[in-house]
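Dear colleague,

Please find below the structure that I am handing over to you.

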Amino acid sequence: MERYNDTERTSLWVIAGRVVFTVALIACIWFIFSNSMAVATVSTDSSGRVLAWMRIILRRLGQPGLAEHLTMHIVRKLAHFCEYTLEGFLLMLCMRVYSRHPLRHITVPMLGGVLTALTDETIQLFSEGRSSQVTDVWLDSAGVLAGILVAIVLLLACEGLYYHIKRRYE
């Protein structure tokens with residue numbers, strides 16, 4: 001078992017990681033909440049622009065049938081899932097730079113993501129023309145879990161690569 005003495009200094013890389021990932025996580029949550037605070041007409045306009053953009057891309061990729069089947073509902077649900085996947089990813093990266101053993105504390109990013117989802121849906125209750133849906137909390141939570149899993153795979157791959165390179169040059 002590794003022991004660290006109290007006088008060991010925190011690496012500048014770790015400090016930089018803490019700053020970058022914490023700021024990115026705060027920005028992600030701010031983005032999620034700012035979308036929830038938008039009144040219904042603004043939210044619908046934003047989703048409509050994304051829908052039009054996605055249809056253009058799908059047509060250019062040779063998928064006109066898929067473009068026609070893409071709906072505003074699908075775009076909104078994809079947006080929920082993607083926002084929260086990013087949040088879960090950033091929560092896990094934050095856990096990694098603040099803890100030497102992030103998997104021991106995996107419930108922290110999971111709980112953080114669920115609390116963000118609950119807060120997000122609560123904010124929508126107070127936004128004109130918007131509503132709150134339990135299914136969105138479930139979808140958001142699934143996105144957080146997906147982001148956490150992607151981060152874990154990436155962290156394990158980086159750790160494996162680090163130790164492989166380290167052994168090679170010893």
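**Helix packing and salt bridges**

In this predicted model, the axes of helix 4 and helix 6 come within 6 Å and cross at roughly 45 degrees. Axes here are lines fitted to C-alpha atoms, for helices over the stretch in contact, and angles run from 0 to 180 degrees between N-to-C directions. Helices (H or I, at least four residues) are DSSP runs, numbered from the N terminus. The angle makes helix 4 oblique to helix 6; angles under 35 degrees count as roughly parallel, over 145 as roughly antiparallel, 65 to 115 as roughly perpendicular and the rest as oblique. The crossing of these two helices, helix 4 and helix 6, is right-handed. A crossing is left-handed if the near helix is turned anticlockwise from the far one by less than a right angle, and right-handed if clockwise. By class, 15 nonpolar, five polar and five charged residues make up the contact of helix 4 with helix 6. Ala, Val, Leu, Ile, Met, Phe, Trp, Tyr, Cys and Pro count as nonpolar, Asp, Glu, Lys and Arg as charged, and the others, Gly among them, as polar. Contact means heavy atoms within 4.5 Å.

As to the basis of these values, residues are numbered from 1 along each chain as its sequence is written, and side-chain values use heavy atoms, with hydrogens and water left out. Because the model is predicted, local features need pLDDT of at least 70 and side-chain atom pairs count only at pLDDT 80 or more, whereas totals for chains, interfaces and linings use all residues.

Helix 4 also packs against helix 1 (residues 12-37), at an angle of about 155 degrees and with the axes 9 Å apart. Helix 1 and helix 4 are therefore roughly antiparallel to each other, and their crossing is left-handed. Among the residues that meet are Phe21, Leu25 and Ile32 in helix 1 and Leu86, Leu90 and Val97 in helix 4. The contact of helix 1 with helix 4 divides into 16 nonpolar, three polar and three charged residues.

Helix 6 has a further partner in helix 5 (residues 107-125), the two packing at about 150 degrees with their axes 9 Å apart. Helix 5 is thus roughly antiparallel to helix 6, and the crossing is right-handed. The contact includes Val114 and Leu118 of helix 5, and Asp136 and Val144 of helix 6. Nine nonpolar, two polar and four charged residues form the contact of helix 5 with helix 6.

Which side chains are joined by salt bridges? A salt bridge is a side-chain nitrogen of Lys or Arg within 4 Å of a carboxyl oxygen of Asp or Glu, and the count comes to two. Lysine 77 and aspartate 136 form one of them, at 2.5 Å from N to O. Lysine 77 lies in helix 4 (residues 72-98) and aspartate 136 in helix 6 (residues 134-168), so this pair ties together parts that are 59 residues apart in sequence. Aspartate 136 is buried, at 5% relative accessibility; buried means under 20% relative accessible area, exposed over 50%, partly exposed in between (1.4 Å probe, protein chains only). Arginine 59 is joined to glutamate 68, with the closest N and O atoms 2.4 Å apart. Arginine 59 is partly exposed, with a relative accessible area of 39%.

Yours sincerely
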